[in-house]
Each structure stands twice: as C-alpha cells, then as structure tokens.
Amino acid sequence: MSELLNLILSPEQTAWRRQANCMGVDPDLFFPERGSSTREAKEVCRGCVVREECLEFALENGEKFGIWGGLSERERRRIRRRRNIERRQARGLIA
C-alpha cells in the first residue's frame, strides 16, 4: 500500500513517512480485526515525530480503517465532526 501511495501522491505529501516509527513494522498491526486491541499499534505511534502529519493525512484523505497518527477511525471521526461544526460556526451557518 505504501508503494501505491508514493506513486499517487507528490513527494511533499509522503516525505514525512520516511521518519515514521512504523517504518518496517508489519502493516497488519495498524489494521487490527474488528474487536482486536489497538494498544500495540498506538504504542508504536506514541512519541513518533511525524504523528501529527500522519493524523492529518488520514483526516484529509478520509482514511476509514486502521490506526493513523495514533488514533482509531472512531477517534478520527470525532475530530472530523468537531472540525465540521467549527467550520460551520465560523461561516455563521450554526450558532
């Protein structure tokens, strides 16, 4: 999957990946089966110098599965909802 993303995205969009703690780690760790623990994957993310870039990548690209930036899809969904509300409030669409 990483190779495919590198072909699709510009070097600036993927440069952060080379610094990630997850480089060389089995990708299956970050895509646990439903109901499985995410603890190990999140531990790899903890302290990663590009954690924010990874999280933003997942948020911007609508990643629906896996652990990105140390967060699960459910946790990322909360961030997306909050950001959508904040954008609508800034535009005066909601009080």
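1. Let's start with Trp16: this residue counts as buried, as its relative accessibility is 13% and the cut-off for buried is under 20%. Keep in mind that you are looking at a predicted model.

2. What does a search of the whole structure find in the way of aromatic pairs? There are two of them. In one, Trp16 meets Phe57: the ring centres are 5.8 Å apart and the planes stand at 55°, so this pair is tilted. Trp16 belongs to the loop between α2 (11–14) and α3 (39–45), while Phe57 belongs to helix α4, so the pair ties together parts that are 41 residues apart in sequence.

3. Over its ring sits the charged end of Arg17, 4.8 Å from the ring centre.

4. Now for the helix around Phe57. Helix α4 covers residues 51–60, and its buried residues are Cys54, Leu55, Phe57, Ala58 and Leu59. After α4 comes Gly62, which has a positive phi, near 60°.

5. How far can you trust the picture? The chain has a mean pLDDT of 87, with 85% of its residues at 70 or more.

Definitions and conventions
Residues numbered from 1 in each chain as written. Predicted model: local features only at pLDDT ≥ 70, side-chain atom pairs only at ≥ 80, totals over all residues. Heavy atoms only, no water. Buried < 20%, exposed > 50% of the residue type's maximum accessible area, 1.4 Å probe, protein only. Helix = DSSP H or I, 4+ residues; strand = E, 2+ residues; numbered from the N terminus. Phe/Tyr/Trp six-rings, centres within 6.5 Å; stacked < 30°, edge-to-face > 60°. Lys NZ or Arg CZ within 6 Å of the ring centre and 35° of its normal. pLDDT = per-residue confidence, 0-100.
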